[in-house]
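These are my notebook entries on one protein structure. I record below what I looked up, entry by entry.

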Amino acid sequence: MKNRKLLFIALFVLFLIGLAIFLYPVIQQARIDKQSRQAVQQFMADRPEETPMRPQQNIEEIIDQLPYADLWQDAKMYNLHILSSQRETLNNSLAYIHPQLNLADYGLDSEVFAVLTIPKLDLEMPIYLGASSSNLSKGAAILGQTSLPIGRGNSNCVIAGHRGWNGADFFRYITELEPGDEVIITNLWETIRYTVTETKIIEPTDVESIYVQPVRDMVTLMTCHPFASGGKYRYLVYCDREK
């Protein structure tokens, strides 16, 4: 009788362990999705209301009237620096993890620089500065030494995302994007709409494929490829600002 009771307890414990293993990805996905959603909601709630602009008016003409104008100006100068220096800096993979700017220096409590929205994938993610493991575990991240998404030409903002992370999808279904699909960046000052123009599979060392392209205002989405391959290749989605 005692042995049967011990056997029952052992089987029950094994059942609980199996159930925990089965539910762990579901719980993790729910937790990460909740954190990502809360970060997006907080950014949108704290974000200043957009200032209406006249047709053909450029935000640079009114930036001094807007909140965080010093941050926008520094982001603009950073992009100009990237334009002239990326051929040297992009060869240093450690530079990818460093944030382009420290948002706390500009009076911002949040580490979120913008929000990425991809309607076709029903995807909305916070965007952080610097592709550190910490930032990539929370959402999308702009590679250090690539442009910031402030809607100016001669820029290519490379936004990295995990192809699935602890149960959360993130960029898992990015290969479903096709030319013509829309990608939206909402920063502190305006909502910028981009259109997918091309997709490409590259070697991890092919930095030339993420260089700034003259005149173009670009966003490039990047993730590992194939799915669950350990990062053998990189999958790129090139997007150009809508005219």
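Entry 1. I began with K120, which counts as partly exposed because its relative accessibility is 40%, between the cut-offs of 20% and 50%. I note here that the model is a predicted one.

Entry 2. I then asked which salt bridges K120 forms with D181 and E178. The side chains of D181 and K120 meet in a salt bridge, at 3.1 Å from N to O. D181 lies in the loop between β6 and β7, and K120 in the loop between β1 and β2, so this pair ties together parts that are 61 residues apart in sequence. I also looked up the accessibility of D181: its relative accessible area is 16%, so D181 is buried.

Entry 3. The side chain of E178 also meets that of K120 in a salt bridge, with 3.2 Å from N to O. I recorded that E178 sits in the loop between β6 (168-170) and β7 (182-186), while K120 is in the loop between β1 and β2 (123-129); the two residues are 58 apart, and the pair links distant parts of the chain. E178 has a relative accessible area of 46% and is therefore partly exposed.

Entry 4. I turned next to R241 and D217, which form a salt bridge whose closest N and O atoms are 3.7 Å apart. R241 belongs to strand β10 (residues 233-241) and D217 to strand β9 (residues 217-225), 24 residues apart.

Entry 5. I searched the whole structure for salt bridges and noted 10. I also found E60, K76 and R152 linked in a network of salt bridges.

Entry 6. I looked up N79, which lies in helix α2 (residues 69-89). Its relative accessibility is 6%, so N79 counts as buried. What does N79 contact, leaving aside its neighbours within four places in sequence? I listed S147, L148, I150 and S155.

Entry 7. Not counting residues up to four places away in sequence, A95 touches T89, G144 and Q145. For A95 and G144 I noted a separation of 49 residues in sequence and 5.7 Å in space, C-alpha to C-alpha.

Conventions
Residues are numbered from 1 along each chain as its sequence is written. This is a predicted model: local features need pLDDT of at least 70, side-chain atom pairs count only at pLDDT 80 or more; totals for chains, interfaces and linings use all residues. Side-chain values use heavy atoms; hydrogens and water are left out. Helices (H or I, at least four residues) and strands (E, at least two) are DSSP runs, numbered from the N terminus. Buried means under 20% relative accessible area, exposed over 50%, partly exposed in between (1.4 Å probe, protein chains only). Contact means heavy atoms within 4.5 Å. A salt bridge is a side-chain nitrogen of Lys or Arg within 4 Å of a carboxyl oxygen of Asp or Glu.
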